[in-house]
Amino acid sequence: MSAVKFDEGRLMSVLVAPIVSEKATQVAEKSNAVTFKVLQDATKPEIKAAVELMFKVEVKGVSVVNTKGKTKRFGKTIGRRDNVRKAYVTLKPGQELNLSGEAA
């Protein structure tokens, strides 16, 4: 496959935030995968390129999940949570991604 070029400004905005939860931690330990919240219109190749650009690691694969926002009530008011697109980024063996913010 030929390497597709992406706009670097777009790649910097594709990853919204890392997801740090109990489930995300279990996935990270089990299959060397990191979970990110990404833009709704982000594609798998864009997510892969963004992670490789920002964290200088090699990506094995990307899985994407779209989660619909729940309808919630607060008294009389009915609201709705935002829809979320999650990316499970699997790293190649030997690669490691440190999201804790500690200096190496």
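Strand E4 (residues 71-74) runs antiparallel to strand E5 (residues 77-80), and 4 bridges join the two. Two strands are said to pair if DSSP finds at least two bridges between them. Strands (E, at least two residues) and helices (H or I, at least four) are DSSP runs, numbered from the N terminus. Thr-71 has Arg-80 of E5 opposite it. The hairpin of E4 and E5 has 2 residues between the strands, and Gly-75 takes a positive phi near 70° there.

## About the model

This is a predicted model, in which local features need pLDDT of at least 70 and side-chain atom pairs count only at pLDDT 80 or more, while totals for chains, interfaces and linings use all residues. Residues are numbered from 1 along each chain as its sequence is written, and side-chain values use heavy atoms, with hydrogens and water left out.

## Helix H2

Helix H2 covers residues 22-31, and it lies largely in the open because the number of buried residues among its 10 is 1. Buried means under 20% relative accessible area, exposed means over 50%, and partly exposed is in between (1.4 Å probe, protein chains only).

## Salt bridges around Arg-10

The whole structure contains 3 salt bridges. A salt bridge is a side-chain nitrogen of Lys or Arg within 4 Å of a carboxyl oxygen of Asp or Glu. Arg-10 and Asp-41 form one, with their closest N and O atoms 3.5 Å apart. Asp-41 sits in the loop between strand E2 (33-38) and helix H3 (44-55), and Arg-10 belongs to helix H1 (residues 8-14), so this pair ties together parts 31 residues apart in sequence.

Arg-10 also forms a salt bridge with Glu-46, where the closest N and O atoms are 3.0 Å apart. This pair links distant parts of the chain, as Glu-46 is in helix H3 and Arg-10 in helix H1, 36 residues apart. Glu-46 counts as buried at 11% relative accessibility, whereas Arg-10 is partly exposed at 23%.

## The Glu-58 and Lys-92 pair

Glu-58 and Lys-92 meet through their side chains in a salt bridge of 3.5 Å, N to O. Glu-58 is in the loop between H3 and strand E3 (59-67), and Lys-92 is in the segment after strand E6 (84-91); the pair links these distant parts of the chain, 34 residues apart. Both residues are partly exposed: Glu-58 has a relative accessible area of 41%, and Lys-92 one of 34%.
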